[in-house]
Protein chains: 2
Amino acid sequence: MRAGLASTRAMDREAEATGRLLFSEHHILATLNEGPPQGIRPTDLAERAALTKSGLTRAIDRLESQRLIERRPCPADARGQLIVLSAEGRRVLRRSAPEHFRSIARNFADHLTDREVDVLTTALERVAEAAVRR
Amino acid sequence: MRAGLASTRAMDREAEATGRLLFSEHHILATLNEGPPQGIRPTDLAERAALTKSGLTRAIDRLESQRLIERRPCPADARGQLIVLSAEGRRVLRRSAPEHFRSIARNFADHLTDREVDVLTTALERVAEAAVRR
DNA sequence: ATCAACTCGTTGACTATGCAACCTATTCCA
DNA sequence: TGGAATAGGTTGCATAGTCAACGAGTTGAT
């Protein structure tokens, strides 16, 4: 927990200072970018960002007000939506990415061996899956 | 990050529901309990809890208002303080601990092999040390 | 076909935490 | 030894996130 909290904070401080996307913002945009072109449902996005539904609503609000994403009605379910990356969002993501990854390296990955990265990835993925499904 | 966020949230929800100490509260009291009897300096405590100075001030405020800890003047440095676990704090910690550890097991450790626990511990400790020192 | 139970996303109210600025005490350099 | 720089802790203000309750839409059992 310490590692996650302290390194996320360090990365966000750097991002703020250089005008880049915050860690969680980058993560949401990247998830959208890698998803299907029609968009992703907020509930799915919440799971992948480890946010609650309401937390995700606020995050979406912020990103939408910056015109980085769009809310679209979901044709398959009138309650739901599809969140889509805007052209501007894609630009900002692309511009942010290189320094974002360097920041992850500096504040996290560079302190680990390749083997440790492998173990962490599979092990924590398992923990996250279990915790999210509750 | 997902694993840490989601499992901490799950544990805090359980703790709230059963009237136990929250994860971070337990961590602070346990750190005090394991430290020297004269107490621990807030700045040290902040590092061990991955909080900023101001975040720790607020956490201390809350625990003090519940009479679980005490602020004492620090004889060696008139600017500083020593935070000490109160008798009541020790009682509450002891009472909270068993279910706290079971909750950690359910929401985290049970999903990992022993080897994974070893790797995570040493690797993430290294990351946390590096991130905290900034 | 109906209606109860559930799901989706939002909102209000609240909490934890961050940063920057501040005051006080300490340290260190000239 | 005097004064600038630094460190310890608190505070004002801002923000992201939580939970519980809600309205609207969907599902499923009878």
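The largest share of the surface near DNA strand D in this predicted model comes from α4(A), with five residues; a residue counts as near if its C-beta atom, placed from the backbone, lies within 6 Å of the strand. At least two residues each are supplied by α4 (53–65) of chain A and by α1 (2–18), α3 (42–49) and α4 (53–65) of chain B. Helices are DSSP runs of H or I of at least four residues, and strands are E runs of at least two, numbered from the N terminus. Of the 23 residues around DNA strand D, those that come nearest are Ser54(A), Gly55(A), Ala78(A), Thr43(B) and Ser54(B).

Residues are numbered from 1 along each chain as its sequence is written, and chains are lettered from A and ligands numbered from 1 in the order in which they are written. In this predicted model local features need pLDDT of at least 70 and side-chain atom pairs count only at pLDDT 80 or more, whereas totals for chains, interfaces and linings use all residues.

In chain B, helix α5 (residues 87–107) has a kink of about 45° at Ala97(B), shortly before the proline Pro98(B); the bend is the angle between axes fitted to the seven residues ending at a residue and the seven starting there.

The contact between the chains takes 26 residues from chain A and 26 residues from chain B, contact meaning C-beta atoms, placed from the backbone, within 7 Å. On the side of chain A that touches chain B, α1 (2–18) and α6 of chain A give two or more residues. The largest share of that side, eleven residues, comes from α6(A).

Definitions and conventions. Two residues are in contact if their C-beta atoms, placed from the backbone, lie within 7 Å.
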